[in-house]
Amino acid sequence: MKKLIYLLIILFLFSACTEKEKTKESKPKNIILMIGDGMGLSQMYAVYTIKKDNTNMARCKHIGLVNTSSIDDLITDSAASGTAIATGNKTKNGHICVDKDGNKYTTILEIAEEHGKATGLVATSTITHATPAAFIAHNISRGDYEGIAKDFLVTDIDVFFGGGKNHFAKRKDSLNLIDSLKARDYNIVFDVDKISSIKNGKTAGLFYDEHPPKRSEGRNDFLEKASLKAIEILDQDEDGFFIMIEGSQIDWAGHANNQEFLLDETLEFDDVVGKILDFAEKDGETLVIITADHECGGFTVVDGDLEKGTIKGHFSSGNHTPVMVPLYAYGPGSEDFCGVYENTEIFEKMIVAFGFEGK
Ligand code: MG
Ligand code: ZN
């Protein structure tokens, strides 16, 4: 009987201990936000079919549906939806983290920085394009790429990888922002194959004068290489990190009604999701959020074969559509992302996950 009591006490202590660990683990140290621009449910389902029910996104157990409309339009653009996700505020299409009068909204990246976390951005567009811009810049016009580039120097961002070198180096105002970045101790890289030599420190990688090409036309494994290198650098900060990684061109394929382009870019995105989830699985302290800013192309799957891994798609629009987009979450804090909610709540949920409320 005594033995049994001891055993029960041990069991109780053990379960209390694991319970404690669970609470500790429910707050992530790091957040990796992955945005497939224009990646609606049909785009995801097409990849699900092509990969024969073997997508990486489906490794996430906590799933939500997100409303994407902007403040005055059922159909959002990437600037307004990026602003909603990054700051928790709906704004007008075209605005980057400002209200209609130009008043600034603070972004999750800026807040993470204030709390001592390392921060990063990776995109397969220019790094000044609407989606990455919405995490770092404040501008009434998404098209003011040179103004947006200047905002990279207002923050203390640790790593950014993308295209758009010209917006830093060949500017109408003749400023050379590359020199300004160098003066602030950034490693500067113009060749994606050179990033393997960088081991630490603030790093700016501007690999293309303007937008990177399609993956199938020379971008190759840029997204994977850049994302993993960024995380390797950011993970050295003991306070943790925040990064946004964007598959930018899924959206452009939707606008172009180009199925081959669409599937290739979405497949790549899901492959990179796999690498990121592998990191998070090993790390145990990283929340991964995978979503879209809106659907694009009114894409539907009208036929296909799960065994052969083929689909027949159909586009019903050359623009964005207002249909809800799925959100997949993985890791500590991921359970809070279940449900149906507005894109602004992604920001609020990230703030709660990081434990930044009321601070
Ligand atoms: Mg974008
Ligand atoms: Zn678009």
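A disulfide here is a pair of cysteine sulfur atoms within 2.5 Å. I looked for such pairs and found zero disulfides in the structure.

**Ground rules.** I'm working from a predicted model, where local features need pLDDT of at least 70, side-chain atom pairs count only at pLDDT 80 or more, and totals for chains, interfaces and linings use all residues. Residues are numbered from 1 along each chain as written, chains are lettered from A and ligands numbered from 1 in written order, and side-chain values use heavy atoms, leaving out hydrogens and water.

I checked Cys338: it is in no disulfide, and the nearest cysteine sulfur, that of Cys60, is 11 Å away. Cys338 is partly exposed at 37% relative accessible area, while Cys296 is buried at 0% (buried is under 20%, exposed over 50%, partly exposed in between; 1.4 Å probe, protein chains only).

**Magnesium.** I asked what holds the magnesium ion (ligand 1): Asp37 (OD), Thr131 (OG1) and Glu246 (OE) coordinate it at 2.0 to 2.2 Å. Donors are N, O and S atoms within 2.8 Å of the metal (3.2 Å for Na, K and Ca), and sites may look incomplete because water is not among the atoms. Asp37 sits in the loop between β1 (30–36) and α2, and Thr131 in helix α5 (residues 130–133), so the pair ties together parts 94 residues apart in sequence. Helices are DSSP runs (H or I, at least four residues), as are strands (E, at least two), numbered from the N terminus. I also noted that Asp37 and Thr131 are both buried.
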